[in-house]
Amino acid sequence: MKNKLLYIEDDQEIGAWVSEDLTKRGYLVTWLTSGDDATNYMEDIDLVILDIMLPGLDGFSIGQRLKKEYSETPILLLSARTSIDDKLQGLHFADDYVTKPFHPDELAARVEVLLRRHEKMALPLIQLSHLSIYVDQNRIVDTRSNHEIILTAKQFQIFTYLLRHPNQILTKEQIYEAVWETPYIAGDKTLMVHIRHLREKIEENPSQPQIIETIRGIGYRVKQ
């Protein structure tokens, strides 16, 4: 099956050249000249290639929005900017950064690396206690009743982040900053409230959780 790429670039010459080259390499490319409505094209997209200098919303704003809604989809930034500040700002949410001008072989190699890395990270189905977790479908089924358990987007993000680090103790700061993408403020109860509601949906006995374990004074862990 061919990988689907969403390519956002307003420069017609560069856009046509990159789109044609990636298509010849076997990718299915959707090319947009603006990212304002990029979320409408994200269905089944395997990777986003995103230019920073765009009309309307810039690449930083678009990339942060896409990463928030589609956290599992890798983003590759393209930019003529070379300052370290721009790179650091981009890599806060993006998975890789390529500086213009670039050779098509370099871009293709980076795309391939990101797709392979994402494939390894993919968790299509996890069996955990009484749960069947279809990560790529954002779906959880209670195997006792065969009923779907409906989670909010944040609850699912928290749960899958824990699942990607099985048996590892994760601090509240780590989880919060990975899911909300903003610095954790000491004393903030937001994560704790989300964990409580998540447990009410997935645990057999939320007052004695067996799936999401609290590590007192540190954070949480999922045992597998």
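Student: In which loop is Pro101 found?

Tutor: Pro101 sits in the loop between strand 5 (96-99) and helix 4 (104-121). Helices (H or I, at least four residues) and strands (E, at least two) are DSSP runs, numbered from the N terminus. Before we go on, some ground rules. This is a predicted model: local features need pLDDT of at least 70, side-chain atom pairs count only at pLDDT 80 or more, and totals for chains, interfaces and linings use all residues. Residues are numbered from 1 along each chain as its sequence is written, and side-chain values use heavy atoms, with hydrogens and water left out.

Student: What kind of peptide bond joins Lys100 and Pro101?

Tutor: Start with the general idea. Most residues other than glycine have a negative phi, and most peptide bonds are trans. Here, the bond joining Lys100 and Pro101 is cis, with omega at about -5 degrees.

Student: Is Ser129 buried or exposed?

Tutor: Learn the cut-offs. Buried means under 20% relative accessible area, exposed over 50%, and partly exposed in between (1.4 Å probe, protein chains only). Ser129 has 57% relative accessibility, so Ser129 counts as exposed. Asn146, at 63%, is exposed. Gln137 is partly exposed at 46%; its place is the loop between strand 7 and strand 8.

Student: How many helices and strands does the protein chain have?

Tutor: Seven helices and 12 strands. The C-alpha atoms fill a box of roughly 60 × 40 × 25 Å, taken along the principal axes. Of the 224 residues, 41% count as buried.

Student: Where do the nonpolar ones go?

Tutor: In soluble globular proteins, nonpolar side chains tend to be buried together. A nonpolar core is a set of buried Ala, Val, Leu, Ile, Met, Phe, Trp, Tyr and Cys residues joined through side-chain atoms within 4.5 Å. The largest one here has 28 residues. Ile133, Ile158, Phe159, Ile175, Ile202 and Ile212 have the most contacts inside it. Helix 5 gives the most to this core, with six residues. Apart from this core lies another, of 18 residues, among them Ala38, Phe93, Ala94 and Tyr97.

Student: Which residues does Phe159 touch?

Tutor: Contact means heavy atoms within 4.5 Å. Leaving out residues up to four places away in sequence, the partners of Phe159 include Leu128, Ile133, Leu198, Ile212 and Val222.

Student: How do I read two packed helices?

Tutor: Two packed helices are described by the angle between their axes and the distance between the axes. Axes are lines fitted to C-alpha atoms, for helices over the stretch in contact, and angles run from 0 to 180 degrees between N-to-C directions. Angles under 35 degrees count as roughly parallel, over 145 as roughly antiparallel, 65 to 115 as roughly perpendicular and the rest as oblique. Now the case. The axes of helix 5 and helix 6 (residues 172-180) come within 10 Å and cross at roughly 125 degrees. Helix 5 is therefore oblique to helix 6. Lys154, Gln157, Ile158, Tyr161 and Leu162 of helix 5 meet Gln174, Ile175, Ala178, Val179 and Trp180 of helix 6.

Student: At what angle do helix 6 and helix 7 cross?

Tutor: Roughly 85 degrees, with the axes coming within 10 Å. That makes helix 6 roughly perpendicular to helix 7. From helix 6 come Lys172, Ile175, Tyr176 and Trp180; from helix 7 come Thr190, Leu191 and His194.

Student: Which residues does Lys2 contact?

Tutor: Lys2 lies in the segment before strand 1 (4-8). Beyond its neighbours within four places in sequence, Lys2 is in contact with Gly26, Leu28 and Asp46. Lys2 and Gly26 are 24 residues apart in sequence and 6.6 Å apart in space, C-alpha to C-alpha. Across the chain, residues 24 or more positions apart account for 54% of the contacts with a separation of 6 or more.
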